[in-house]
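Subject: Structure handover

Dear colleague,

Here is the structure for you to take over. My notes on it follow below.

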Amino acid sequence: MTWFRQLDDLGLADLKSVGYKAYYLGLLKQQGLPVANGGVLTAATWHHSLEQMAWPEPAGDRLSSVCRDGFQTLQQYSQRWQQAMRAIPAIALADWSDVPQPSDAVPAAWMLRASLWVDGQSEDLAAAPVLISSGLLPAQIEADFAALPQMLPQFWSQALTARCLPVWQRYGQCLSDIHLATLVMPVYPAIASGTLTLAQGQITVAAVAGLGQALTQGEAIPTYCCTSRSKIAVATWKPGFQERVYQLMPASKYRPRPAAVAQPVQVIERDRPELQTPLSSAQLARLVHLADLAQTALGSSGVRLEWLLHPSANPDQPTLMITEAAPWSDPAAVAAAPTPAPAARPRGQPPLLPSASTVVRGIGAAGGQIQGVAVVANHPQDLPKSLPLGCIVVLPDLQPDLFLQLQAVTGIVTERGGATCHAAILAREVGIPAVVGAPQATQLLETGMVLWLDGDRGVVYGLTDEAASHQQFQTALTQFQSTAAPTVDLSPQHKARYQRLHTQVMINLSQTRQLATLPLDYANGIGLLRSEWLLLDVLDGRHPWDWVNQGQGAELQSRLVQQLEPIAQALGSKPLRYRSLDLRSHEWQALQGSPPVEPNPMLGLRGTLSYEVDDRLFQVELGALATLQRAGYTNLQLILPFVRTVEEAIACRQRIERAGLLDADGFALWIMAEVPSVLFLLPAYAQAGIQGIAIGSNDLTQLLLAVDRDQPIMASAYDERHPVVRLAMAHLVQEAHRCGLICSICGQAPVRHPELIADLVAWGIDSISVEAAALPFTLEAVWQAEQGEH
């Protein structure tokens with residue numbers, strides 16, 4: 001059997017085996033259009049890999065048994081199937097001898113891309129649906145051509161993720177019903193890359209600098225132009241915004257040792273992030289001419305191309321290359337076709353949305369979809385004192401001190417911040433859909449504009465007046481909301497089994513206003529009570545230091561007791577782990593009496609080190625805890641934040657002992673394990689009288705990887721699943737047990753990446769603490785993980 005086919009050798013009879021993406025590129029190449037000299041591994045290679053897998057379940061690759069029992073079961077099957085796929089020996093993948101070997105004329109970097117056909121799909125090219133996006137099965141790049149066979153199992157395992165399997169179920173009962181071919185294409189250096197859509201005489205071109213990752217990953221707002229053939233020479237480009245450019249590494253950096261570089265792509269920070277005109281008039285005219293030729297070759301009424309501009313031997317004449325092509329069909333014509341009544345859309349199929357006047361992309365910080373009227377401000381103090389009910393606020397940044405004042409808000413959009421910034425955490429806790437890290441949002445969106453905010457996908461649509469009031473939109477919004485990921489019911493029949501869990505599951509809490517709705521019967525207590533946000537409700541707009549400096553520490557202590565007592569009372573005998581104040585100077589500037597902002601607040605005077613400089617606020621907190629202990633509450637425990645050294649912990653413990661807290665039953669002293677030095681000092685902390693550690697995965701990840709988690713441009717580099725972070729967490733759990741310490745995790749890692757829960761359970765974590773909204777899923781995931789162990 002021939003596993004590999006050249007693009008210029010494909011015909012209509014090959015469509016099922018090579019998929020649409022490869023077939024379209026083949027048509028263009030056969031017509032002499034500039035398409036890279038690559039080829040395609042047919043779907044037979046994918047099917048062969050399925051046959052080589054050691055299936056963990058007797059049902060084999062049947063999708064119906066995987067997708068019917070909820071997301072938790074789906075996640076478990078997905079993880080096992082991915083492991084089985086990655087375990088296939090490379091020798092069993094394909095006959096690699098048919099693949100052309102690289103030469104000096106071909107770049108020494110290669111890309112694997114998916115090209116799909118599913119049974120029952122129409123061969124009418126103009127009506128062919130777009131089934132694979134870069135987000136569903138992202139491409140992979142490899143510097144070493146000889147390593148491509150070893151890369152294939154990892155590449156194919158992406159098709160077995162929990163988000164892909166329900167899609168495949170729509171088109172077949174088994175994975176073997178899916179015909180997944182693999183494009184093997186050389187990667188060219190790029191001056192610019194982008195898309196072109198040619199439809200109804202209108203030409204729309206979008207572009208970014210460098211390779212297309214910045215565009216496909218949503219990290220840039222492309223520069224774009226809309227024009228017609230008669231106006232190409234005078235076409236104007238709307239500016240874009242791009243802070244990072246993806247480029248191939250120079251060959252000298254990776255060709256001598258290709259195995260040492262898994263991804264031969266480097267990221268270059270741009271001094272000026274504004275994007276201007278990427279193509280000259282002649283280059284734009286050439287690109288449109290290629291689109292005309294592609295439209296003719298595909299036999300369609302329009303066409304959509306992905307393209308790149310790469311350097312040639314003549315520096316003054318770079319070359320345009322087509323990297324992807326597909327027919328374009330007129331959605332208006334489809335909508336105008338007579339139909340007796342709107343049919344119900346298949347389950348899982350996204351509803352069609354009306355046109356939007358503006359689209360802003362960022363990072364999905366808090367899930368949910370909402371429609372509302374925008375209130376845009378360049379500074380928080382510019383917001384109106386009385387916000388319209390149900391509005392969506394759009395700001396450059398949002399700190400916790402302002403967040404809790406936005407009672408009327410139903411959605412949040414910020415230009416700065418990451419998925420684990422404090423505004424994102426608060427939004428998830430109170431259930432407000434939010435998108436953070438959306439560049440130029442305050443310039444692209446306007447006050448009064450009707451917005452549709454999708455917190456799951458990190459997209460904000462500015463709707464036209466017609467679209468906002470159209471019934472189709474209201475139906476689409478309802479359908480999108482109904483397709484959200486299902487939650488696990490906290491039903492009585494499940495309560496008994498959750499009570500038998502060896503791993504405790506607890507709740508992170510920031511404020512008392514959510515206390516009445518917390519499912520405390522199912523939680524083992526409060527694993528993290530954030531003191532900073534708890535205090536915000538009672539500060540009357542004044543910074544905590546302003547209270548102390550004005551001699552009102554006793555009043556502040558009384559107010560803290562009033563905030564803490566209802567929580568301690570609601571928990572009964574279950575533990576309440578209170579984390580003392582960790583004040584970062586930049587987060588409290590809206591409060592009266594705030595200290596000056598430090599040059600680097602993340603690594604500045606914060607955590608227990610600040611208690612050494614001035615312990616007055618810490619003494620207020622200790623006094624509040626002592627008051628509650630004297631009132632009979634024996635469930636109080638204390639977590640020290642951002643501990644850098646054992647000496648800091650010892651000094652704090654001495655103050656705690658003088659306050660009398662250590663004498664009470666049920667009290668335990670914890671530290672946050674978020675500064676990397678903790679990795680090496682656990683025996684010393686145990687000797688110093690520390691009884692437990694709480695892994696703060698948010699700060700631990702950013703400090704281990706040297707990535708600012710509040711900067712959206714760094715979002716792709718901030719990953720709690722990084723091998724270094726996983727090794728650190730595993731070491732903390734196991735070393736804590738060796739030293740006789742209790743170990744918990746209270747960061748966002750288990751919520752953002754639920755697949756980590758099974759690892760945490762396997763390492764022996766004592767407790768996992770999450771936001772209340774994530775409690776049902778976490779309980780079920782822990783139960784599944786513990787069942788898997790047994």
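Is leucine 609 buried, partly exposed or exposed? Leucine 609 is partly exposed, because its relative accessibility is 31%, which falls between the 20% limit for buried and the 50% limit for exposed. Please keep in mind that this is a predicted model. Leucine 609 sits in helix 20, residues 607-613. Together with Leu605 and Val613 it makes up a nonpolar surface patch, and the three share about 240 Å² of accessible area.

The barrel

Eight strands close into a barrel with parallel pairing, in the order 23-24-25-26-27-28-29-30. From one strand to the next the twist averages 25°.

I looked at strand 27 in some detail. This strand covers residues 669-673, and five of its five residues are buried. The cover applies to both faces: Leu669, Ile671 and Ala673 are buried on one side, Trp670 and Met672 on the other. In general, side chains in a regular strand alternate between the two faces of the sheet.

On one hand, strand 27 runs parallel to strand 26 (residues 636-640), and three bridges join the two. Isoleucine 639 is placed opposite tryptophan 670, and leucine 640 opposite isoleucine 671. Strand 27 also pairs in the parallel sense with strand 28 (residues 692-695), over four bridges. There, methionine 672 faces alanine 694. Strand 27, helix 23 (residues 678-687) and strand 28 form a β-α-β unit that is right-handed.

Strand 4 is joined to strand 3 (residues 110-118) by three bridges, and the two run antiparallel. Methionine 111 has isoleucine 141 of strand 4 as its bridge partner.

Salt bridges

The structure holds 25 salt bridges.

- Glutamate 532 and arginine 579 form a salt bridge, with the closest N and O atoms 3.3 Å apart. Glutamate 532 belongs to helix 17 (residues 531-536) and arginine 579 to strand 25 (residues 576-579), so the pair ties together parts 47 residues apart in sequence. Glutamate 532 counts as buried at 4% relative accessibility, as does arginine 579 at 11%.
- Arginine 655 forms a salt bridge with aspartate 615, the closest N and O atoms lying 3.0 Å apart. Arginine 655 is in helix 22 and aspartate 615 in the loop between helix 20 and helix 21 (616-630), with 40 residues separating them. Arginine 655 is buried at 13% relative accessibility, whereas aspartate 615 is partly exposed at 22%.
- Arginine 457 pairs with aspartate 454 in a salt bridge, and their closest N and O atoms are 2.8 Å apart. Arginine 457 is partly exposed, with a relative accessible area of 46%, whereas aspartate 454 is buried, with 2%.
- Lys21, Arg113, Arg304, Glu306 and Glu324 are linked in a network of salt bridges.

One further contact

Glycine 364 is located in strand 16, residues 363-366, and is partly exposed with a relative accessible area of 33%. Glycine 364 and valine 413 are 49 residues apart in sequence, and their C-alpha atoms are 9.8 Å apart in space.

Regards

Conventions
Residues are numbered from 1 along each chain as its sequence is written. This is a predicted model: local features need pLDDT of at least 70, side-chain atom pairs count only at pLDDT 80 or more; totals for chains, interfaces and linings use all residues. Side-chain values use heavy atoms; hydrogens and water are left out. Patches are made of residues with over 30% relative accessible area and no salt bridge: like charges are joined within 9 Å, nonpolar side chains (Val, Leu, Ile, Met, Phe, Trp, Tyr) within 5 Å. Accessible areas come from the Shrake-Rupley method with a 1.4 Å probe; for residues, only the protein chains shown count as cover. A salt bridge is a side-chain nitrogen of Lys or Arg within 4 Å of a carboxyl oxygen of Asp or Glu. Buried means under 20% relative accessible area, exposed over 50%, partly exposed in between (1.4 Å probe, protein chains only). Two strands pair if DSSP finds at least two bridges between them. A crossover is right-handed if, with the strands pointing away from the viewer, the path from the first strand over the helix to the second runs clockwise. Axes are lines fitted to C-alpha atoms, for helices over the stretch in contact, and angles run from 0 to 180 degrees between N-to-C directions.
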